[in-house]
Amino acid sequence: MKILIINGPNLNFLGKREPDIYGSNTLEDINAVLEKESAILSKDLQLEFFQSNSEGEIVSKIQDAFEKFNGIIINPAAYTHTSVAIRDALLSTGITTVEVHISNIFKREEFRHKSYVSGVSVGVVSGFGINSYVLGLRGIFETLKSH
Ligand code: DQA
């Protein structure tokens, strides 16, 4: 089972960026925790990590995942609230998707309450910090396993 983990704009700045909201872990820390969790879940699970600040690159990466990945975990970051293109790319590939957020987007400014990605995801995890990714991985693994 192959899972692609996509992180959107400014998430390469985790650790330095608004630590009161996003905590002190870096993206590398999150990826290392996910690798550990993956080894616990199954030896057949393979993860690939991708981060980009560019909407077009994220769309292309999703298209490239067509018929190569079983699932996508995506934190679209600010594009969550704006990107019809990322939503359409996910719909086009039909790959099972889980949306994750470090912060609870519903507790924050109103413009963050709307997500273009939630409606094309099997589930959403928001507000558990770095554990949102771990819960997202467990969720997508169980979903794909039962298919
Ligand atoms: C975020 C929430 C978004 O609103 C924000 O633009 C981000 C990060 C999160 O993980 O909490 O960049 O996706």
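**Exercise 1. Describe the largest pocket: which residues lie nearest its centre, and how is its lining made up by class?**

The largest pocket of this predicted model is lined by 15 residues, and Tyr-22, Ala-77, Ala-78, Arg-108 and Arg-112 are the ones that lie nearest its centre. Here a pocket is an open set of points on a 1 Å grid over the protein atoms alone, where a 1.4 Å probe fits, with protein on both sides within 12 Å along at least five of seven lines, and lining residues have an atom within 4 Å of a point. Sorted by class, the lining holds 7 nonpolar, 5 polar and 3 charged residues, where Ala, Val, Leu, Ile, Met, Phe, Trp, Tyr, Cys and Pro count as nonpolar, Asp, Glu, Lys and Arg as charged, and the others, Gly among them, as polar. The space in the pocket comes to about 160 Å³, a volume being the space filled by probe spheres set on the grid points, which are joined across faces, edges and corners.

Two conventions apply to what follows: residues are numbered from 1 along each chain as its sequence is written, and side-chain values use heavy atoms, with hydrogens and water left out. Because the model is predicted, local features need pLDDT of at least 70 and side-chain atom pairs count only at pLDDT 80 or more, while totals for chains, interfaces and linings use all residues.

**Exercise 2. Work out whether Ile-6 is buried or exposed, and what it touches.**

Ile-6 belongs to strand E1, strands being DSSP runs (E, at least two residues) and helices likewise (H or I, at least four), numbered from the N terminus. Its relative accessibility is 0%, so Ile-6 counts as buried, a label for values under 20%, with exposed over 50% and partly exposed in between (1.4 Å probe, protein chains only). Leaving aside residues up to four places away in sequence, Ile-6 touches Phe-50, Ile-58, Ile-62, Ile-72, Ile-73, Ile-74 and Asn-75, contact meaning heavy atoms within 4.5 Å. Phe-50 is 44 residues from Ile-6 in sequence, yet their C-alpha atoms are 4.9 Å apart.

**Exercise 3. Trace the side-chain contacts of Gln-51 and state which strand holds this residue.**

Gln-51 sits in strand E2, residues 46-51, and is partly exposed because its relative accessibility is 24%. Its side chain reaches the backbone oxygen of Gly-8 at 3.0 Å, and a polar contact of 3.0 Å links it to the side chain of Asn-53.

**Exercise 4. Locate Glu-67 and give its phi value.**

Glu-67 lies in the loop between helix H3 (55-64) and strand E3 (71-75), and is exposed, with 71% relative accessible area. Its phi is near 65°, a positive value in a residue other than glycine.

Technical notes:
Polar contact = N/O pair within 3.5 Å; in protein donor to acceptor, adjacent residues only side chain to side chain.
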